[in-house]
Amino acid sequence: MYWLIALMSLSLIVLVGVGVFYVIRPRSRELVVPRWWGGAIGMNLFTFMAAQVGLLFLAMGDAMAQEVESAAAAPPEISMGMGLALLAVGLPTAVATVAAAYAVGTVGASALAAISEKPELFGRTLIYLGLAEGIAIYGVVVTILMLGKI
């Protein structure tokens with residue numbers, strides 16, 4: 001499993017290096033970037049994602065094996081069903097947070113554009129941003145309600 005972590009680390013380092021390169025030396029019209037860079041970055045990203053999925057499956061296999069070994073020694077404190085239930089309880093918060101981030105990004109950009117043309121709309125745009133942020137709060141409320149049912 002360590003070779004997979006090393007592969008992921010190498011892929012991540014290359015991606016960060018390319019990002020730092022473009023931050024330090026932004027792409028301009030004079031800078032000619034070889035066409036194969038796009039394919040190389042895409043392949044690097046694909047390798048990172050494939051290694052991450054492989055690591056997930058390997059880690060799940062190790063976790064399952066440890067559970068069987070520990071089951072023989074002592075009774076487990078949290079069963080597999082309880083663990084899945086806890087993961088399911090956290091899912092609404094995760095999805096709601098991602099949705100709220102997208103909504104705040106979109107509404108915030110639109111609000112800035114509106115404020116730049118009409119500064120008197122500042123108060124209204126704050127209300128819209130608050131409504132977009134409310135999506136995350138709804139996710140937390142659903143999670144708390146579901147935790148009460150476990």
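## Ground rules

Contact here means heavy atoms within 4.5 Å. This is a predicted model, where local features need pLDDT of at least 70 and side-chain atom pairs count only at pLDDT 80 or more, while totals for chains, interfaces and linings use all residues. Residues are numbered from 1 along each chain as its sequence is written, and side-chain values use heavy atoms, with hydrogens and water left out.

## The overall layout

Let's start with the big picture.

Now for how the chain meets itself. Take the contacts in the protein with a separation of 6 or more: 78% of them are between residues 24 or more positions apart.

## What the record marks

An unreviewed UniProt entry carries the annotation "transmembrane region" for residues 6–24, 36–60, 80–105 and 126–147. Its positions are given in the numbering used here, feature names are shortened, and annotations may be inferred rather than shown by experiment.

Two of those stretches can be checked against the model. Residues 80–105 are 100% helix and 0% strand, and their end C-alpha atoms are 37 Å apart. Residues 126–147 also come out at 100% helix and 0% strand, with 32 Å between the end C-alpha atoms.

## The α3 and α4 pair

Helix α3 spans residues 80–117 and helix α4 spans residues 122–149; their axes come within 8 Å and cross at roughly 180°. That makes α3 roughly antiparallel to α4 (over 145 degrees; under 35 would be roughly parallel, 65 to 115 roughly perpendicular and the rest oblique). The axes are lines fitted to C-alpha atoms, for helices over the stretch in contact, and angles run from 0 to 180 degrees between N-to-C directions. By class, the contact of α3 with α4 has 22 nonpolar, six polar and one charged residues. Nonpolar here covers Ala, Val, Leu, Ile, Met, Phe, Trp, Tyr, Cys and Pro; charged covers Asp, Glu, Lys and Arg; the others, Gly among them, are polar.

Two residues of α4 are worth a look on screen. Thr143 sits in helix α4 and counts as buried because its relative accessibility is 11%. Not counting residues up to four places away in sequence, Thr143 touches Val89, Pro92 and Thr93. Ile135 is also found in α4, but at 31% relative accessibility it counts as partly exposed. Leaving aside neighbours within four places in sequence, Ile135 is in contact with Ala96, Ala99, Ala100 and Ala103. The C-alpha atoms of Ile135 and Ala99 are 7.2 Å from each other, though these residues are 36 apart along the chain.

## The core around Phe48

The largest nonpolar core is made up of five residues: Leu4, Met8, Phe48, Ala51 and Leu55. A core of this kind is a set of buried Ala, Val, Leu, Ile, Met, Phe, Trp, Tyr and Cys residues joined through side-chain atoms within 4.5 Å. Helices α1 (2–24) and α2 (36–73) each supply at least two residues of this core, and α2 gives the most, with three.

Phe48 has its place in helix α2 and, at 13% relative accessibility, counts as buried. Setting aside residues up to four places away in sequence, Phe48 touches Met8, Ser11 and Leu12.

Note on methods
Helices (H or I, at least four residues) and strands (E, at least two) are DSSP runs, numbered from the N terminus. Buried means under 20% relative accessible area, exposed over 50%, partly exposed in between (1.4 Å probe, protein chains only).
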